[in-house]
2 protein chains.
Amino acid sequence: MGKLYVVGFGPGGYEHMTEKAIEVIKNADVVTGYTTYVNILKEFFPDKNYLATPMMQEVKRCQMAVEEAMKDQTVAMVSSGDSGIYGMAGIIYQVAEEMNANIEIETVPGVTAASAAASVLGAPLMHDFAVISLSDLMTPFDLIMKRVDCAGQGDMIVCLYNPKSKKRVDYVEKAADILMKYRKPETPVGIVRNAGRKDEASCITTLGELKNADIDMFSVVIVGNSQTYTKNGRMITPRGYRV
Amino acid sequence: MGKLYVVGFGPGGYEHMTEKAIEVIKNADVVTGYTTYVNILKEFFPDKNYLATPMMQEVKRCQMAVEEAMKDQTVAMVSSGDSGIYGMAGIIYQVAEEMNANIEIETVPGVTAASAAASVLGAPLMHDFAVISLSDLMTPFDLIMKRVDCAGQGDMIVCLYNPKSKKRVDYVEKAADILMKYRKPETPVGIVRNAGRKDEASCITTLGELKNADIDMFSVVIVGNSQTYTKNGRMITPRGYRV
């Protein structure tokens, strides 16, 4: 029976891949994924048989992966971060079901962008947090902002994935305005671009200044809770409320 | 100058460690951490110089680690999961600051329990989610439950860390009751015990039945959002609200 691994290879640097992700990719007959991800892996595993598809063709990419596995191949469907967090794992299960594919599917977890970004900033995720994507491709805008509001009410740390795109330039600012209903403008905010991969860059700003920050689609934004502070260039959320 | 790495070694199996975590542990002069974690690593790296401390002595453990680094040693302070999510990274920065330690500190991110548990269950974390610890050691009970309520309002998937302890037996039930203000009792809930390590076990139940589930301190509980469903024993949250 063919086997399809859905592999998260972490933020992008080889060093942040898990042993299992490396083994699965090394042993796969076919490695498939979005072109950008495939190009990252080609550097580390140049001799593999790759099948790359451009962005926005996710269902087709999954169908291709399932078809390969149905030919009794071992297939690694790769994506950055953790394939189980906003990743391809869900669509793969759905597509395999629709195709009535008699294959084995296994998800290989990886280091997600929130973890990678937090490690660069210091220790912002020491307490309860919400992970919210600002992409409105699949989620109504109002629901996204409602979630930001709920996270604000609950004084949760907030990790914003996909904070900005060319078309979507002001959602971060809107999210900041909502969070400032509950948190001071001085609340620390960390921005990490290309966390854990080449050209990594980061800065720490505040909720009040977030609208002026340099953010793009390769960035993750972490907004502290009411206890978060910065010291010596590190963003730290203390663990307890009663320490 | 001494160097202190705060290393998350992932769920516990060697295969889920990152290359960097393995390298750092291999090259450290001293590996320190809570006894349970040290015992896991001793199996994989038997010849290291270990310094273990029992639970509940976290500040002391951090002081020891910082002291070792101040002797120009390379120290790996280890914990399971991601050291940056409810981990030791924050306390280490705080303790090093208090001790005026002139050492370099680096956090090595790992696969957090939410990712490990999700990979076992299927694909429950394909959409926005909140990570909430039910431990009230450091957080007032009312704030914990307020966060559960906010996550419920926002229709976020909810990952509950530390769902139960010997003293704290009914918080999961209380959380389920709060979430049922917003979600149907049929909402799928996944429970994973020892995710990604020896003796891993999992089951899928519902929000309405959660109070009868077998849960302990080694478990992670993932409550689906309004879109989550189960199929062929997998718990899946579809990616979009408009697919």
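Colleague: How many disulfides does the structure hold over all chains?

Modeller: This is a predicted model, and a disulfide in it needs two cysteine sulfur atoms within 2.5 Å. The sulfur of A:Cys150 has its closest cysteine sulfur in B:Cys150, 5.9 Å away, which is too far for a bond. Over all chains, the number of disulfides is zero.

Colleague: Is A:Cys150 buried or exposed?

Modeller: Buried means a relative accessible area under 20%. The value for A:Cys150 is 2%, so this cysteine is buried. For A:Cys62 the value is 0%, and A:Cys62 is likewise buried.

Colleague: Through what surface do the copies meet?

Modeller: The interface residues of chain B can be checked against those of chain A. Of the interface residues in chain B, 100% are also interface residues in chain A, so the copies meet through the same surface.

Colleague: Which residues of chain A does B:His16 touch?

Modeller: B:His16 sits in the loop between β1 (3-8) and α1 (19-27) of chain B, and it is buried at a relative accessible area of 8%. Leaving out residues up to four places away in sequence, its contacts in chain B are B:Phe9, B:Gly10, B:Pro11, B:Val111 and B:Gly196. Its contacts in chain A are A:Thr18, A:Lys20 and A:Pro109.

Colleague: Against which elements of chain A do the buried residues of α4(B) pack?

Modeller: Helix α4 of chain B, residues 89-98, is mostly covered, with seven of its ten residues buried. Among the buried ones are B:Ile91, B:Ile92 and B:Tyr93. In chain B the buried residues pack against β1, α3 (58-70), β4 (74-79) and β5 (104-108). In chain A they pack against β6 (122-123) and β13 (234-236).

Colleague: How many residues apart in sequence are the parts that A:Asp136 and A:Arg168 tie together?

Modeller: A:Asp136 and A:Arg168 form a salt bridge, with their closest N and O atoms 3.9 Å apart. A:Asp136 lies in the loop between β7 (129-133) and α6 (141-153), and A:Arg168 in the loop between β8 (157-161) and α7 (171-179), so the pair ties together parts whose separation in sequence is 32 residues.

Colleague: Is A:Arg168 buried or exposed?

Modeller: A:Asp136, its salt-bridge partner, counts as partly exposed at 24% relative accessibility. A:Arg168 has a relative accessible area of 8%, under the 20% cut-off, so this arginine is buried.

Colleague: What is the N to O distance in the salt bridge of B:Lys71 and B:Glu68?

Modeller: B:Lys71 is exposed, with a relative accessible area of 53%, whereas B:Glu68 counts as buried at 16%. Their side chains meet in a salt bridge, and the N to O distance is 3.0 Å.

Colleague: Which residues make the nonpolar surface patch of about 300 Å²?

Modeller: One member is in the loop between β10 (201-206) and β11 (219-223) of chain A, namely A:Phe218. At 43% relative accessibility, A:Phe218 counts as partly exposed. The patch is made by A:Met55, A:Met217 and A:Phe218.

Note on methods. Residues numbered from 1 in each chain as written. Chains lettered and ligands numbered in written order. Predicted model: local features only at pLDDT ≥ 70, side-chain atom pairs only at ≥ 80, totals over all residues. Heavy atoms only, no water. Helix = DSSP H or I, 4+ residues; strand = E, 2+ residues; numbered from the N terminus. Buried < 20%, exposed > 50% of the residue type's maximum accessible area, 1.4 Å probe, protein only. Contact = heavy atoms within 4.5 Å. Patch = residues over 30% accessible without salt bridge, like charges linked within 9 Å, V, L, I, M, F, W, Y side chains within 5 Å. Areas by Shrake-Rupley, 256 points an atom, 1.4 Å probe, with all protein chains shown as cover. Salt bridge = Lys/Arg side-chain N within 4 Å of Asp/Glu carboxyl O.
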